Amino acid sequence: MENVQKLHEQVLYSQVRVKAGQGGGSGTIIYSNKFDSHYSTYVLTCHHVIDSAITVKKEWDSRLGRDRKKEYRQLVTVDFFDYQNSPHGSVPVTYSTPAEIVAYDTPHDMAILKLRTVEPAKYTANLYPKGEHKDINIGTKTIAVGSALLHDPIITEGIITHQGDEIDYKVYWMSSAQIIFGNSGGAMFTERDGNYYFIGVPSRVDVVGWGSAVTHLGYFSPIPRVYDFFKEQLFHFLVPGSKHTESDCLKEQESREEREERRLYLEGVENE
């Protein structure tokens, strides 16, 4: 019973459904901590889940004196599931909140959402300790969870079946824990020392024929690449045990944006 309770609290309850435009998928609550007078809560998902909420337009910039590409990000919707507020075995109570797309990377197929909430999330996923992923091997037991076909989160079990595939120059691991469309952006977990740890983001599933999914051939972005993504996007504070604070990282991000704006301005002057 204790293991089932931990499975619920550490795996199932950390999952959300992400909706953007006509599409959607899954997400995992990975961080919810005090920042100033409120709590900041972040969700990790796939870029392709929220891609329809990002628009790039070419517009005239009077300061630069030329056209430039400008990006617009719409808010997305994050659905929470309250299992404890519904009868046992019933569909969980659902409530929603808007979220901002604060970072994304197309090649990594990952994105970070910041919820527009001020209260802490009750449950967050435990991220597998950084640098210890060599403990995860072919045959390691896995648990996949996500909003398959946009259903409320579903849990499936399996093992790591492959770790060496490269797709679009990025390393992916494969698990036999069944996933299907809608699981994208959810989570792959494994058990360690009696607790469940997040080890990656389901993002791809093999298909045959006319697009029929082979649900036990599911690829996920492994935890080392998740940490690379955090570093590249200057979200170091999301790494467990990091010495960086959210405030530190926000300042780094602002400084990078200012340098980029300065570069664009100087480039425009040189082209006059």
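The largest nonpolar core has 65 residues, and Ile50, Phe198 and Phe230 have the most contacts inside it. Strand 13 (residues 195–208) gives the most to this core, with six residues. A nonpolar core is a set of buried Ala, Val, Leu, Ile, Met, Phe, Trp, Tyr and Cys residues joined through side-chain atoms within 4.5 Å. Buried means under 20% relative accessible area, exposed over 50%, and partly exposed in between (1.4 Å probe, protein chains only). Helices (H or I, at least four residues) and strands (E, at least two) are DSSP runs, numbered from the N terminus.

This is a predicted model: local features need pLDDT of at least 70, side-chain atom pairs count only at pLDDT 80 or more, and totals for chains, interfaces and linings use all residues. Residues are numbered from 1 along each chain as its sequence is written, and side-chain values use heavy atoms, with hydrogens and water left out.

Helix 3 (residues 223–232) has several buried residues: Ile223, Arg225, Val226, Tyr227, Phe229 and Phe230. What does phenylalanine 230 contact, leaving aside its neighbours within four places in sequence? The partners are Ile30, Leu44, Ile112, Leu127, Phe235, His236, Leu238 and Val239. Contact means heavy atoms within 4.5 Å. Leucine 234 follows helix 3 and has a positive phi, near 60°.

Histidine 47 sits in helix 2 (residues 47–50). It counts as buried because its relative accessibility is 7%. Leaving aside neighbours within four places in sequence, histidine 47 has contacts that include Tyr104, Asp105 and Met110.

Two strands pair if DSSP finds at least two bridges between them.

| Strands | Pairing | Bridges |
|---|---|---|
| Strand 1 (residues 15–20) and strand 2 (residues 23–35) | antiparallel | six bridges |
| Strand 2 and strand 3 (residues 38–45) | antiparallel | seven bridges |

Valine 16 has glycine 27 in strand 2 as its bridge partner. Serine 32 stands opposite threonine 41 in strand 3. The hairpin of strand 1 and strand 2 has two residues between the strands, and glycine 21 takes a positive phi near 60° there. In the hairpin of strand 2 and strand 3, also with two residues between the strands, aspartate 36 takes a positive phi near 60°.

Now the surface. Phenylalanine 181 lies in the loop between strand 11 (170–175) and strand 12 (187–192). Its relative accessibility is 43%, so phenylalanine 181 counts as partly exposed. Leu149, Phe181 and Val207 form a nonpolar patch on the surface, with about 300 Å² of accessible area together. Patches are made of residues with over 30% relative accessible area and no salt bridge; like charges are joined within 9 Å, nonpolar side chains (Val, Leu, Ile, Met, Phe, Trp, Tyr) within 5 Å. A salt bridge is a side-chain nitrogen of Lys or Arg within 4 Å of a carboxyl oxygen of Asp or Glu. Accessible areas come from the Shrake-Rupley method with a 1.4 Å probe; for residues, only the protein chains shown count as cover.
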